[in-house]
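Student: Could we go through this model together, step by step? I would like to learn how to read it.
Tutor: Gladly! Let us look at it first and then talk.

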Amino acid sequence: MTASDTHTPTSVQEPNEFGYRGYTLGEFQFSRDEYFAYVTWPTGRHVMSVDAFLRAMQRDVAWEFFYGIVNFDGVLGTMNHYGTVDLFAGRYNDAFRKAELDHVETIDTATIRDVFAAMLADWTNASFDPFASPEETGSAFGPKKGENIAAITRHRVTAERMVSLPGDEPLRDDGNGHPVNRMFADVSQDEPEIYAEPGFENEVGSFSLFAYLSRSPVTWNPSVVSVCRDSLYCPTTEEYILPIIHGNDRAEWFVQLSDEIIWDVEDRDTGRKRAKVIMKAGDVAAMPSDIRHQGYSPKRSMLLVWENASLAIPELISSGKFPTQPVEF
Ligand code: PHB
Ligand code: FE
């Protein structure tokens, strides 16, 4: 199917008694009240706390549906086919599948992105920042009160070569609105000294990744800080819970740069428990391509996510030409 073949009907309803609009995407219907987001489809219905729903929705929108599957929870989510997106309920949930109550709509990326972005904007009150840690934001709850467009449309850092190089993503400092986070007050702010040979000033660069991350205002939001062909370094600062359960379509390497994250690892397609991984500073893990995972970070921590962005990988894995694990021990 090509990207323009799906023609999913969409509609937006008038605000309800709490001030929030309802949204229809194919046979899915979304609505919210003071505490909850509700989703219905022909064979079922689902409810989520609206703060968790908006945190997941924020990432799905900002990351253009990410790699593979973004599960909002064990029922609702999206699967990226890079041009179209599957919006599903119960598709990766053994009980829904066995009862034949799951539902999937395949939607052009632009169509689902626009509806999700409109819903996120309408349902996010002025007091709530879906990218912030719970300690650093106000409430998502209550009747509609203002909006927070600046927070939900933040610039996403995607370096072309590397942060700090001429013309590329700039370093962060107090002056450009990036104070050191309260939990990283002890992180050195020293920058390396660079002595490039004359003529190579544009080719040689270096920056302190720890200082850079200590000034990140957001959580669970990998930034592309360096690029070598398909190899992307995507570090991020984490606090509280990863708001999605990520179903991989490729292996991912994790390097725990500081503090500690606890990972729940489940079978990607059924949700069966596979592992609990406790990563302490310095630990490295290879997450296989047939799992889904969700992280818990008790203190703000620094995590390096290393991705290979090649569009060929999902097919190489699903056809069995690539192993699901990137390394054998
Ligand atoms: C992941 O799914 O691998 C992931 C997503 C966001 C993060 C960290 C890891 O902040
Ligand atoms: Fe992941």
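Tutor: One term to begin with: a salt bridge is a side-chain nitrogen of Lys or Arg within 4 Å of a carboxyl oxygen of Asp or Glu. Please keep in mind that this is a predicted model.

Student: How many salt bridges does the structure hold?
Tutor: Each one needs a nitrogen of Lys or Arg within 4 Å of a carboxyl oxygen of Asp or Glu. With that rule, the number of salt bridges in the structure is 20.

Student: How far apart are the closest N and O atoms of Lys98 and Asp94?
Tutor: Both residues sit in helix α2, 4 residues apart, which means about one helical turn separates them. Lys98 is exposed at 66% relative accessibility, while Asp94 is partly exposed at 23%. In the salt bridge between Lys98 and Asp94, the closest N and O atoms are apart by 3.2 Å.

Student: How many residues apart in sequence are Asp122 and Lys144?
Tutor: These two form a salt bridge with a closest N to O distance of 3.6 Å. Asp122 lies in helix α3 (residues 109–123) and Lys144 in the loop between α3 and α4 (149–152), so the pair ties together parts of the chain whose separation in residues is 22.

Student: Is Asp122 buried or exposed?
Tutor: Buried means under 20% relative accessible area. Asp122 has a relative accessible area of 11%, so Asp122 is buried.

Student: Which residues are linked in a network of salt bridges with Glu136?
Tutor: Start with the salt bridge from Glu136 to Arg182, where the closest N and O atoms are 2.5 Å apart. That pair links distant parts of the chain, 46 residues apart: Glu136 is in the loop between α3 and α4, and Arg182 in the loop between α4 and α5 (209–214). Glu136 is partly exposed at 32% relative accessibility, as is Arg182 at 39%. The residues linked with Glu136 in the network are Arg182, Glu239 and Arg300.

Student: Now the metal. Which residues are the protein donors of the iron ion (ligand 2)?
Tutor: Along the chain, the donors follow the spacing H-x5-E-x40-H. His246 is in strand β12 (residues 245–247) and His293 in strand β17 (residues 291–308), so this pair ties together parts 47 residues apart in sequence. His246 counts as buried at 2% relative accessibility, and His293 also counts as buried at 2%. Lying 2.0 to 2.1 Å from the iron ion, the donors are His246 (ND1), Glu252 (OE) and His293 (NE2).

Student: What about rings? What is the angle between the planes of Trp41 and Phe96?
Tutor: A pair of aromatic rings is described by the distance of the centres and the angle of the planes. The structure holds 21 aromatic pairs. Trp41 and Phe96 form a tilted one, with 6.3 Å from centre to centre and an angle between the planes of 45 degrees.

Student: Where do Trp41 and Phe96 lie?
Tutor: Trp41 is buried, with a relative accessible area of 6%. Both residues belong to one aromatic cluster, which also includes Tyr23, Phe28 and Trp123. The pair ties together parts 55 residues apart in sequence, because Trp41 lies in strand β4 and Phe96 in helix α2 (residues 94–98).

Student: What is the phi of Tyr240?
Tutor: Tyr240 lies in strand β11 (residues 231–241) and is partly exposed, with a relative accessible area of 43%. Although Tyr240 is not a glycine, its phi is positive, at about 70 degrees.

Student: And where does Glu64 lie?
Tutor: Glu64 is another residue other than glycine with a positive phi, near 50 degrees. Glu64 is partly exposed, with a relative accessible area of 37%. Its place is the loop between α1 (50–62) and β6 (69–71).

Technical notes
Residues are numbered from 1 along each chain as its sequence is written. Chains are lettered from A and ligands numbered from 1 in the order in which they are written. This is a predicted model: local features need pLDDT of at least 70, side-chain atom pairs count only at pLDDT 80 or more; totals for chains, interfaces and linings use all residues. Side-chain values use heavy atoms; hydrogens and water are left out. Donors are N, O and S atoms within 2.8 Å of the metal (3.2 Å for Na, K and Ca); water is not among the atoms, so sites may look incomplete. Helices (H or I, at least four residues) and strands (E, at least two) are DSSP runs, numbered from the N terminus. Buried means under 20% relative accessible area, exposed over 50%, partly exposed in between (1.4 Å probe, protein chains only). Rings of Phe, Tyr and Trp (its six-membered ring) pair if their centres lie within 6.5 Å; planes under 30 degrees apart count as stacked, over 60 as edge-to-face and the rest as tilted.
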